[in-house]
Amino acid sequence: MVTVEALKDIKAEATEWRRYLHENPELDYRLQNTARFVVEKLESFGISHIEAGIAETGIVAIIKGGGGDGPTIGLRADMDALPIVETSNKPWASKIPGCMHACGHDGHTAMLLGAAKYLAATRNFKGSVALIFQPAEEHGRGGRQMVQEGIMDRFGISRVFGMHNGPGMEVGTFAICNGAIMGSQDNFDIVVKGKGGHAASPHKNIDPIVIAAQIIVGLQTLVSRGTDPTKSLVISVTKLAAGQNYSIIPENVEIGGTVRTLLPELRNFAEQQILASAQGIARAFGAQVEVEYHRHIPVTINQVEETNMAIRAASKLVGSASVDERVGGVMGAEDFAFMAEARPGAYMFLGNGPTPACHNPAYDFNDEALSYGIGYWVNLVENGLSA
Ligand code: NI
């Protein structure tokens with residue numbers, strides 16, 4: 001087992017890596033410089049089995065333990081930044097206009113590199129570790145694509161673990177729960193097709209704006225009246241487009257929105273009822289409606305055994321009092337969900353201290369959290385693959 005004190009030197013290096021990545025953020029799949037940086041570091045640690053170019057700029061690297069044969073566990077970090085203008089004013093603030101690491105993926109990458117350096121030097125475990133560096137998490141696509149490109153089978157990964165920093169959680173603390181920890185994300189588009197005409201003679205038209213307003217209100221009642229109040233469903237209308245002139249009732253209105261839940265069965269409910277509600281309301285007014293429902297990211301579900309492995313690894317590092325084992329699920333979606341669908345897994349939150357929230361322009365990953373994240377990864381491997 002490693003201690004936070006024993007990671008002092010690696011933390012200092014990881015801080016440099018983290019700040020370099022923070023200054024040089026890249027978006028979605030276009031992570032050429034970031035991926036090159038990660039591969040160079042992995043090579044410098046003496047890791048020879050590195051495969052780059054998975055899902056365009058993703059990387060998987062294998063470290064074989066010194067304790068003989070055993071299973072392979074996957075540790076995943078995301079590498080991409082966000083299209084936000086940074087306002088942190090830190091000396092290492094982004095040098096790329098309109099692009100910044102506002103979700104701490106620079107810290108996630110640096111922590112997995114730190115763990116890689118330690119594990120490659122010590123190899124005090126049996127079996128192997130697969131280090132998974134993924135692109136395009138913010139799109140919700142990179143994780144799925146790496147799974148589709150067969151990383152679980154190709155590298156023989158039997159379990160998979162993810163970690164995300166948590167602003168507002170004290171540094172040196174962890175939080176996890178068994179079951180659903182991050183929500184699903186589905187999006188929908190509705191087109192209300194009325195009959196346009198002069199605004200002064202509404203009786204000669206079918207006004208899609210009034211119908212759209214009723215549909216939007218109707219969607220609210222799917223949650224407040226149609227869903228068990230002890231279960232969580234969010235339906236938010238986030239897009240609305242109609243009309244361009246004071247005197248013209250338009251032909252069409254476009255409505256767009258998102259659905260979030262921690263319960264997979266509520267995705268089916270939302271899909272069916274959004275369609276039924278929009279169709280019913282439109283029909284009552286003599287309008288037509290088109291509804292498209294797009295399933296984007298599934299619920300991230302932690303499995304019992306992997307959750308317990310994660311709790312043990314964190315507890316050995318910081319003590320069980322600093323590990324919240326029953327944190328409530330978060331409605332935000334995370335494309336680690338695709339990896340946790342492919343293999344049993346667990347997703348952990350790591351305290352980032354009192355920083356601004358993720359996706360805020362003043363956000364910055366807290367370097368004090370680095371040694372905790374590195375220590376967690378190391379303990380997970382040395383504990384989960386004990387030689
Ligand atoms: Ni993130």
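## Strand β4

Strand β4, residues 128-134, is mostly covered: 7 of its 7 residues are buried. This picture comes from a predicted model.

S128, A130, I132 and Q134 point one way. V129, L131 and F133 point the other way. Residues in both sets are buried.

## Neighbours of β4

Two pairings involve β4. Strand β2, residues 58-64, pairs with β4 in the antiparallel sense, over 6 bridges. Within this part of the model, A61 has L131 of β4 as its bridge partner.

Strand β3, residues 72-78, pairs with β4 in the parallel sense, over 7 bridges. For T72, the bridge partner in β4 is S128. From β3 the chain passes through helix α3, residues 105-122, and on to β4. This β-α-β crossover is right-handed.

## Positive phi in two loops

A55 is not a glycine, yet its phi is positive, at about 50°. A55 lies in the loop between β1 (49-54) and β2. Is A55 buried or exposed? Its relative accessible area is 0%, so A55 is buried.

R123 also is not a glycine and has a positive phi of about 50°. R123 sits in the loop between α3 and β4. R123 counts as partly exposed because its relative accessibility is 27%, and the partly exposed class lies between under 20% (buried) and over 50% (exposed).

Notes
Residues are numbered from 1 along each chain as its sequence is written. This is a predicted model: local features need pLDDT of at least 70, side-chain atom pairs count only at pLDDT 80 or more; totals for chains, interfaces and linings use all residues. Side-chain values use heavy atoms; hydrogens and water are left out. Buried means under 20% relative accessible area, exposed over 50%, partly exposed in between (1.4 Å probe, protein chains only). Helices (H or I, at least four residues) and strands (E, at least two) are DSSP runs, numbered from the N terminus. Two strands pair if DSSP finds at least two bridges between them. A crossover is right-handed if, with the strands pointing away from the viewer, the path from the first strand over the helix to the second runs clockwise.
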